[in-house]
Amino acid sequence: MNLKAISLGVVFASFMLSGCSSITILRTKEMRAIGDEIMVKNDSAYKALSAENDSLRVQLDSVKSQLDAAAVAQKRLQAEVTLLSKRMSEETVRRDTRQEEIIYRLDLLLGKSDKILAKKVVVSGGATSAVMESDADAAKMVEAETMFNAAHSDYHRGEYKLAYNGFKQVYELVKKGEMAEGALYWMSLCLMEANQQAKAKTLLTNLVDSNPQGLKACAGMFKLASIYGKECDLERQKHYLQKIISSNTCASTPELEQAALQLQAMLDFRSADGRTAEQVCREQMR
């Protein structure tokens, strides 16, 4: 009886062990299958993320290229704007100079007309008119005007040395009067263009001091104020601006308004750190 029970126990135990082993094998296979599935899913997710990352990298590179292109375009635009601004400034200077010359020529022609009318006399009870101006003087004026026009053309072509010599010949020919005054003024402009500020100041000072009521007195004082402003000699700049404003001769000239604006800007100047306008100007020159 005991042997039979023992045998049955052994058989039952063997059966149980065999069943457990089969279950373990099944569990192992299931876990392997699950692991393989997880690996496949992870691999797919990795590939998807990698592809998305590559796509984002391509987009980033595209955006960077667009930004670089925009930066280059902006630099080109800035260069073009700077060039255009410079051209406009040069054109404004040429236009203003040409306008000054036209006004000068008109004043000169009007002055000549007044002089010619003043020199006419009535002979024999008003029946005959005669002009007292000699043929030599008339020929000299024609020659001076021709030389003046040639020098003026040389100035606008940028031939400042040639223009200076031409205006100088005009001045030496006529010596005095409106054409001589105009020649001195344009000689000073030629010197300014040639960066000979000291000589230009001497000519302009002589022009203004010798004929403060002259045709070019106001323009000469404004040019002197401009030169002293660039040299940061603000006291002398202010001096000439005030002379323009206080002069009756300049009352109807464009220099009056420009002088008033510049003088007001100088009086209103206030630096954030308490420096004077002259100190700021000299620091900017360095």
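Rings of Phe, Tyr and Trp, the last by its six-membered ring, count as a pair if their centres lie within 6.5 Å. By this rule there are six aromatic pairs in this predicted model.

Start by selecting Tyr155 and Trp186. Their ring centres are 5.2 Å apart and their planes stand at 80 degrees, so the pair is edge-to-face; planes over 60 degrees apart fall in that class. Colour the helices next: Tyr155 belongs to helix H2 (residues 135-156) and Trp186 to helix H4 (residues 178-193), so the pair links distant parts of the chain, 31 residues apart. Both Tyr155 and Trp186 are buried.

Together with Tyr155 and Trp186, they form one aromatic cluster.

Move on to Tyr228 and Tyr240. This aromatic pair is stacked, with 6.1 Å from centre to centre and 5 degrees between the planes. Tyr228 sits in helix H6 (residues 217-230) and Tyr240 in helix H7 (residues 234-246), so the pair ties together parts twelve residues apart in sequence. Tyr228 and Tyr240 are both buried.

Return to H4 and show it with helix H5 (residues 197-210). The two pack at an angle of about 160 degrees, their axes 8 Å apart. That angle makes H4 roughly antiparallel to H5, and their crossing is left-handed.

To see the contact, select Glu181, Leu184, Tyr185, Met187, Ser188, Leu191 and Met192 on H4. On H5, select Gln197, Lys199, Ala200, Leu203, Leu204 and Leu207. Coloured by class, this contact shows nine nonpolar, two polar and two charged residues.

How values were computed: Residues are numbered from 1 along each chain as its sequence is written. This is a predicted model: local features need pLDDT of at least 70, side-chain atom pairs count only at pLDDT 80 or more; totals for chains, interfaces and linings use all residues. Side-chain values use heavy atoms; hydrogens and water are left out. Rings of Phe, Tyr and Trp (its six-membered ring) pair if their centres lie within 6.5 Å; planes under 30 degrees apart count as stacked, over 60 as edge-to-face and the rest as tilted. Helices (H or I, at least four residues) and strands (E, at least two) are DSSP runs, numbered from the N terminus. Buried means under 20% relative accessible area, exposed over 50%, partly exposed in between (1.4 Å probe, protein chains only). Axes are lines fitted to C-alpha atoms, for helices over the stretch in contact, and angles run from 0 to 180 degrees between N-to-C directions. Angles under 35 degrees count as roughly parallel, over 145 as roughly antiparallel, 65 to 115 as roughly perpendicular and the rest as oblique. A crossing is left-handed if the near helix is turned anticlockwise from the far one by less than a right angle, and right-handed if clockwise. Contact means heavy atoms within 4.5 Å. Ala, Val, Leu, Ile, Met, Phe, Trp, Tyr, Cys and Pro count as nonpolar, Asp, Glu, Lys and Arg as charged, and the others, Gly among them, as polar.
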